[in-house]
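Here are my notes on the model you sent. Please read them with the structure open.

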Amino acid sequence: MTDHILSISQDPINVPKISFLTMLRLGLFQMGLGIMSLLTLGVLNRVMIDELTVLPFIAAGAIAMHQFVSPARIWFGQKSDSQKIFGYHRSGYVWIGAALFTSISFVALQVVWQLGTSLQNTGWSLQTYGWSALLALIFGMYGLALSASSTPFTALLVDITDEDDRPKLIAVVWSMLMMGIVIGASISSRLLERPEICGTALLAYDPSQMNKLVDISKLQTTINPVFIILPGAVFVLTLLATLGIEKKYSR
């Protein structure tokens, strides 16, 4: 009898295996990350360099700050192992991180406008360098929020699968990251509809006109809604991808 009880206690936890549809659902989170990468590495980078004539190494350096803080992923992973949020080891971190990085992306855009305005009014002054430093700090915060969300999500993928299902899940989820980049490019190009940013008439754009001052207020009117609509959609995708998953499938 004792041996029978011991054998039962050593059996794997009886939890259902995830279906292919659930894998696609989880991939919605990675699709959202693909959309966000398009906004930061594509739209923001291009606007700063081509429209606002920010020095390329300053624009690239500021955006790259979200990668310099990537070692924080280790801490967030350990934190999600040991401390629950909203009663979950992974999902709470994913939700809070997604809420933060989608919000911070809009804040970063507003700092970009201030940087461009300062550059037009005062050139590369102390004030302009100050806005550049603030933008780098904002992207550092963006990277921390991204780490707080994406690392527990990756841990969640391990928690809910066994060795047989895991390779298939990883392939599906990361394939949808690429799909997100394509979808983000298509949607943003339609929303922006300006050849000097990323519209369909890009080839007709004349780079020789870059010496003229860009009307930042018009750029704001065009681009601000994109950084509200798409990050909002990404947060919704995050919720759709993860709600109920950890409770039902986590081992």
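**Notes on a predicted model**

1. Start with Tyr93, which sits in helix 5 (residues 91-122). This is a predicted model, so local features were considered only at pLDDT of at least 70. Tyr93 has a relative accessible area of 7%. That is under the 20% cut-off, so Tyr93 counts as buried.

2. Which residues does Tyr93 touch, leaving aside those up to four places away in sequence? The contacts are Lys79, Ser80, Gln83, Ile85, Ala148, Ser149 and Pro152. Tyr93 and Ala145 are 52 residues apart in sequence. In space, their C-alpha atoms are 9.4 Å apart.

3. Now turn to the surface. Phe20, Leu21 and Leu24 form a nonpolar patch there. Together they have about 310 Å² of accessible area. Leu21 belongs to helix 2 (residues 20-51). Its relative accessibility is 66%, so Leu21 counts as exposed.

4. Helix 9 covers residues 226-242, 17 residues in total. From first C-alpha to last, helix 9 reaches 24 Å. That is close to the 24 Å expected at 1.5 Å a residue.

5. Where do the buried residues of helix 9 lie, seen down its axis? They are Val226, Phe227, Leu230, Pro231, Val234, Leu237, Thr238, Ala241 and Thr242. These buried residues fall within an arc of 110°, so they line one face of helix 9.

6. Look just past the end of helix 9. Gly244 follows there, with a positive phi of about 85°.

Key: Residues are numbered from 1 along each chain as its sequence is written. This is a predicted model: local features need pLDDT of at least 70, side-chain atom pairs count only at pLDDT 80 or more; totals for chains, interfaces and linings use all residues. Side-chain values use heavy atoms; hydrogens and water are left out. Helices (H or I, at least four residues) and strands (E, at least two) are DSSP runs, numbered from the N terminus. The expected span of a helix is 1.5 Å times one less than its number of residues. Buried means under 20% relative accessible area, exposed over 50%, partly exposed in between (1.4 Å probe, protein chains only). The arc is that of the directions from the helix axis to the C-beta atoms. Patches are made of residues with over 30% relative accessible area and no salt bridge: like charges are joined within 9 Å, nonpolar side chains (Val, Leu, Ile, Met, Phe, Trp, Tyr) within 5 Å. Accessible areas come from the Shrake-Rupley method with a 1.4 Å probe; for residues, only the protein chains shown count as cover. A salt bridge is a side-chain nitrogen of Lys or Arg within 4 Å of a carboxyl oxygen of Asp or Glu. Contact means heavy atoms within 4.5 Å.
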